[in-house]
Structure formats: structure tokens, C-alpha cells
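Here is a short briefing on the structure shown below. It covers helix packing, aromatic pairs and strand pairing.

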Amino acid sequence: MRAADLQDRKDRDLLERVTAGDHAAFAEIYRRYAPTAFGLAVRMLGERAMAEEVLQEVFLSIWRRAGAFDPARGSVRSWLFAQIHHRSVDVVRREEAERRRSQVSVTPAADDGSVDEVIEESWLKARRSHVRNALGSLSAEQRQMIELAYFQGMTQSQVARATGVPLGTVKSRTLAAMRRLRDALAGTMMEDGWSTSS
Amino acid sequence: MEHEQLEEAIAAFALGAIDDAPRVETERALLEHLAGCASCRELFTDLREVAADLALSAEPRAVPKAVEERLLEAIRERRPQAERPATRRSVLTRAGALAVAAAIVGLFAWNVQLSERVSDARSRSKQVVRALSLMGSTGARTASLDGGRGDLVFVYRKGEAVLVGHDLEAPPSGRVLQLWLMRSGAPTSVGVFRPSDGLVVFPVHADATGFDRVAITVEKGPRGAKAPTAAPVYSATITA
């Protein structure tokens, strides 16, 4: 399915230019993906200052290590978002450990929930709506697994503790949820790649 | 682990949600299994892509202009590192003997470092992720090595390879295991390593295409030998 992803081909070209030190290409990738990346970090971290740090760190590392991207392993955007996610998970878990050490119970500052006016390319909007629909097709129990593991950065044991669901069930439910998402998204890739790209 | 449990581990892995306590065991089991199971390699690749797409479900946010300015300012002064997958492209065929020697020393240093930090699951985990994703990549082939105790698998594609094994016997003190790529019987050293806890995850920055055999001998440490001094303890045929 990735073969049909026209957008990714454009991204790869840009990244190729970034490797050669092309600032304009870097700026283009930044403008295309920073709002999504920032949105993910804010949602995971619950506040903007730390999310800004994660964003800067990851994009700086993309500038420096664009050559490390390997197209055989997935799309440029998945490479980028995975880095944002990993970095945010690190921050979440470090904060959690520090909280435990200091025995202070702090509720993370809630995301203010406000909606920014973000100008996005149409294919990205289309993709976003497909992903949201796919999430919407999960049962509430399945969605909860994804929410806690992916967005809250919990390990599966933490998910089990937080929900009171047995660990074995957490694991099987998560797999079922991911399979369902894959199937729901599989049919939409080509459409996003070919017909709606700007 | 049962097949179903391994699939569950793949889903957890894709979401970054594998538990820390059995992380090493889980990743080891995953590596071993993925080396030999095409359907799980496909699942692994697919679910990683699904996980990345989940980022899109978060509400996009306008990034303060100052962040962009700081970033663009920061990159004005720094060149990207010349670190194409090309560093992996073909160390052996492209560079001279000096570069090969440097690469081998580098690999050795890395592997020692890995052994020392094997308890540090997180840093080790990165190497495992690399190995896992090589297995999940298109065009990767695997060869099981025959020989001594344990299981050893060589996963390779154009430009890069990884040696993964478990339950291996450690060589005697002062000795190392040395990995060779052979072409019509002529050996090229790829690097030396010692299993840690019976486990080895050894990324190989060399192009295995054009070689017909992979072999491992026990050699004198820490650098190994210029040419094999003994019969291989493990070996396998590979195809370009």
C-alpha cells in the first residue's frame, strides 16, 4: 500500500534535498508536519512548553540525520511522527518517575482544549479524517487501550492497573484494536495518495 | 511464546507499550520469531505504520512562529551529517583497507559498549529496534547458521545486515567470535563480538551482496585475526 503513496514520494525528495543541506526543503517539511507533530506532543504532554522542546529537538535531529531515513522501512511522515512519539513517551515516563520519587501527586496540566486555526494541505486533512474514522470504528474498550498506550505513554501493565482489566486481556484487546485499525486504513491509502494530494 | 502472544507483542511494540520488566525477553523472543516468520514481519511493518498514523488523530496545533525561527536559525550553522544509509551502502566494496579497519574497530568498540550496557534495556532496545526493522523491511533475506550451540540468524539486504542469535556459548576468555563474509572461499572480516548473556544483536555495516557464505570463527581478542585461523563454528550459505 505504501507504493501508492504519492505524497511520501514527494516527502522523500524533500528529505533527499535536506541531506544535501537544502534549507528550503527542510522548511517545507517543517511547515507540512510541524502542526501535526506539535498537536501530538501537546496531547501527550498536556502542555505547550515541553511540547515545543520535543518538537525542536526532533526537527533538529531530522536536519542532522536526514540521511538515516530508510525508505524501505516506511514513510517519511511515520518516521517523523514516531520520533515525536518516542521522545514524548520518554518525557512522560521521566516525569512520572520523578513524581513517584518526590511522592508528590501532580496532575499534569490539562491541555486547554482550544482548537487552533491550522492551514493544512488537503491530503493531510483527508488522511486525518480517515484515521479518526478508523479510530471511531473501534469498540470503546479497544479505543481505550490505544488511548492509554499511545497517547498517555503507558506500558501494558500500567494500562492494566489503570483500567482494572487483566493484563492478558489488555494484550489481546490491543492487538485486536491495531488489526482493526490496519484493516480500516488499508483501503484508504491509495485514495489519499493519488487523488487528494495538492 | 505462542504465536498469538508474539503477535500481541508486535502490537505492544508498535505502540511503544512493552513492559519494562520482561522487555529484554520479549524483544529477544520477537527477534527470533520475526527472523523466520514472514507473516509476522508483515504485521510488524503494518502496525508500525498504523501507530505512526495515530499521530494524525491528535488535533493539529499552530506552532509559535518563534519556534520555527529558532529552528531555522539553528540549522543555518550546522550541516547535516553525511550519514546516508550510504554509510551502510558498501563499506567493504567502496572504501579502502583503512576504512574497513576503522569500521571494524568501530564495530568492536560498539559491541563492547553494548555488552557493558546490556542491563540498560532502553539503549539496547534501540539496537534491537534497528534489527527488528531491518527484518521487517522489503527485500530482506534470512539465513540460519549451522554449527554450535544456540540459534544464529543472519538477516541481510543490499547495503546492510544484522546477525541475531541467542543461547550462544561465550568464547573462552581472551577470545572473540569473528564474523566473515566469504566469496568463493575468500574471507573478508566484518567484525568481532562476544555474546552477552548468550545473546548477540550485531548490526553489520557492510554489503553482503556478492558474497556466497557467512561464517564465524573463534579468534584471539580483542581485534580478531586477519584471516580465519580455525574452522568455522557457525556458517551458512547466502545468496546475492
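Of the 198 residues of chain A, 53% count as buried. The model is predicted. Chain A has nine helices and zero strands.

**Chain A: overall build**

- The pattern of chain A along the sequence is α-α-α-α-α-α-α-α-α.
- Take the contacts in chain A between residues at least 6 apart in sequence: 71% of them join residues at least 24 apart.

**Chain A: how H6 packs on H8**

- Helix H6 (residues 140–151) of chain A packs against helix H8 (residues 167–186) of chain A.
- The angle is about 95°, and the axes lie 9 Å apart.
- Angles of 65 to 115 degrees count as roughly perpendicular, so H6(A) and H8(A) are roughly perpendicular to each other.
- H6(A) contributes Glu141(A), Gln142(A), Met145(A) and Ile146(A) to the contact.
- On the H8(A) side, the residues met are Val170(A), Arg173(A), Thr174(A), Ala176(A), Ala177(A), Met178(A), Arg180(A) and Leu181(A).
- By type, the residues of this contact of H6(A) with H8(A) are seven nonpolar, two polar and three charged.

**Aromatic pairs**

- Over all chains, the structure holds 10 aromatic pairs.
- One aromatic pair is formed by Tyr33(A) and Trp123(A). Its geometry is edge-to-face, with 6.3 Å centre to centre and 75° between the planes.
- Tyr33(A) sits in helix H2 (residues 23–45) of chain A and Trp123(A) in helix H5 (residues 122–136) of chain A, so this pair ties together parts that are 90 residues apart in sequence.
- Tyr33(A) and Trp123(A) are both buried.
- Phe13(B) and Phe44(B) also form an aromatic pair. This one is tilted, at 5.7 Å centre to centre and 45° between the planes.
- The Phe13(B) and Phe44(B) pair links distant parts of the chain, 31 residues apart. Phe13(B) is in helix H1 (residues 3–14) of chain B, and Phe44(B) is in helix H3 (residues 38–53) of chain B.
- Phe13(B) and Phe44(B) are both buried.
- Phe26(A), Tyr30(A), Phe59(A) and Trp63(A) make up one aromatic cluster.

**Chain B: strand S3 and its partners**

- Strand S3 (residues 151–157) of chain B is mostly covered, with six of its seven residues buried.
- S3(B) pairs with strand S1 (residues 141–144) of chain B in the antiparallel sense, over four bridges.
- Thr142(B) has Val155(B) in S3(B) as its bridge partner.
- S3(B) also pairs with strand S4 (residues 160–166) of chain B, in the antiparallel sense over seven bridges.
- Phe154(B) has Leu163(B) in S4(B) as its bridge partner.
- S3(B) and S4(B) form a hairpin, and two residues lie between them. In the turn, Gly159(B) has a positive phi of about 95°.

**Chain B: strand S8 and its partners**

- Strand S8 (residues 213–220) of chain B and strand S5 (residues 175–183) of chain B run antiparallel, joined by eight bridges.
- Arg175(B) has Lys220(B) in S8(B) as its bridge partner.
- S8(B) also pairs with strand S9 (residues 234–237) of chain B, in the antiparallel sense over four bridges.
- Opposite Ala215(B) stands Ser235(B) in S9(B).

Notes
Residues are numbered from 1 along each chain as its sequence is written. Chains are lettered from A and ligands numbered from 1 in the order in which they are written. This is a predicted model: local features need pLDDT of at least 70, side-chain atom pairs count only at pLDDT 80 or more; totals for chains, interfaces and linings use all residues. Side-chain values use heavy atoms; hydrogens and water are left out. Two strands pair if DSSP finds at least two bridges between them. Axes are lines fitted to C-alpha atoms, for helices over the stretch in contact, and angles run from 0 to 180 degrees between N-to-C directions. Angles under 35 degrees count as roughly parallel, over 145 as roughly antiparallel, 65 to 115 as roughly perpendicular and the rest as oblique. Contact means heavy atoms within 4.5 Å. Ala, Val, Leu, Ile, Met, Phe, Trp, Tyr, Cys and Pro count as nonpolar, Asp, Glu, Lys and Arg as charged, and the others, Gly among them, as polar. Rings of Phe, Tyr and Trp (its six-membered ring) pair if their centres lie within 6.5 Å; planes under 30 degrees apart count as stacked, over 60 as edge-to-face and the rest as tilted. Buried means under 20% relative accessible area, exposed over 50%, partly exposed in between (1.4 Å probe, protein chains only).
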